[in-house]
Amino acid sequence: MSEVDDFQVTKGQLRIEPATAADYERIGDLTVDAYLQAGHFEDPQHEYLNFVRQVAQRDAQCDIFVARKDGHTIASMTLTQAGNEYADIALEGELEIRMLSVDPAVQRSGAGRAMVLAAIEYARQLPEIHTVSLTTGGHWSAARKLYESLGFIHRPERDWVVPDTDIRLVVYTLLLDG
């Protein structure tokens, strides 16, 4: 459902491009693997993990991108906007990054950074977008350091708790300069 035709970015050895139907199973698997490896969930059949495996449904309403290295999909992310049922925190004029996941076997390789940079480039091509927003775990220090190193600012007034849990999520935004 890409709003920008033929969006593709090359960052070093990575090619970041829209997902295709052939990517759906891999996207679901790598997202679940990343969340389990990080300790965010213990049960691979958790309701939320089943939700993130529904890639085809999400791709029909959002923009999903993958990063490929040597022809292998190693990362994915979902981009959405305010008013979309997949948006958690996006306000009008914001492009929200969701479900950014990197295969645990290649984490800390720069793939996550490349994905965020690609999302920023993509947002700049959308005339109605002035900000990129995202949510991350309150205690996920590596992710927070990454976002802060790219200029994202923590917006504590927008932090939230996942309903029916004690999971506190923090919100970051990056204002796009003209």
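Begin by selecting Arg26, which counts as partly exposed because its relative accessibility is 29%; buried means under 20% relative accessible area, exposed over 50%, and partly exposed in between, with a 1.4 Å probe and protein chains only. The model is predicted: local features need pLDDT of at least 70 and side-chain atom pairs count only at pLDDT 80 or more, whereas totals for chains, interfaces and linings use all residues. Residues are numbered from 1 along each chain as its sequence is written, and side-chain values use heavy atoms, with hydrogens and water left out.

**Salt bridges**

Arg26 belongs to helix H1 and Asp103 to the loop between S5 and H4, so the pair ties together parts that are 77 residues apart in sequence. Helices (H or I, at least four residues) and strands (E, at least two) are DSSP runs, numbered from the N terminus. Asp103 is buried, with a relative accessible area of 16%.

Next, select Asp29 and Arg53, whose side chains form a salt bridge of 2.6 Å, N to O. This pair links distant parts of the chain, with Asp29 in helix H1 and Arg53 in the loop between H2 and helix H3 (55–59), 24 residues apart. Asp29 is partly exposed at a relative accessible area of 26%, and Arg53 is partly exposed at 36%.

Then move to Arg168 and Asp159, where the side chains meet in a salt bridge of 3.0 Å, N to O. Arg168 is partly exposed, at 42% relative accessibility. Select Arg15, Glu17, Asp23 and Arg68 together to see a network of salt bridges. The count of salt bridges comes to 9, where a salt bridge is a side-chain nitrogen of Lys or Arg within 4 Å of a carboxyl oxygen of Asp or Glu.

Select residues 72–81, strand S4, in which 9 of the 10 residues are buried. Phe65 has Met77 in S4 as its bridge partner. Strands S4 and S5 also run antiparallel, joined by 6 bridges, and Thr80 has Glu96 in S5 as its bridge partner.

The hairpin of S3 and S4 has 2 residues between the strands. Select Asp70 there: its phi is positive, about 55°, although Asp70 is not a glycine. Asp70 is exposed, at 66% relative accessibility. For another such residue, select Arg108, with a positive phi of about 70°, in the loop between S5 and H4. Most residues other than glycine have a negative phi.

**The largest pocket**

Which residues lie nearest the centre of the largest pocket? Select Tyr35, His40, Leu100, Thr136 and Trp140, which hold that place among 47 lining residues. On a 1 Å grid over the protein atoms alone, a pocket is an open set of points where a 1.4 Å probe fits, with protein on both sides within 12 Å along at least five of seven lines, and lining residues have an atom within 4 Å of a point. Strand S5 gives the most to the lining, with 7 residues.

Note on methods
Two strands pair if DSSP finds at least two bridges between them.
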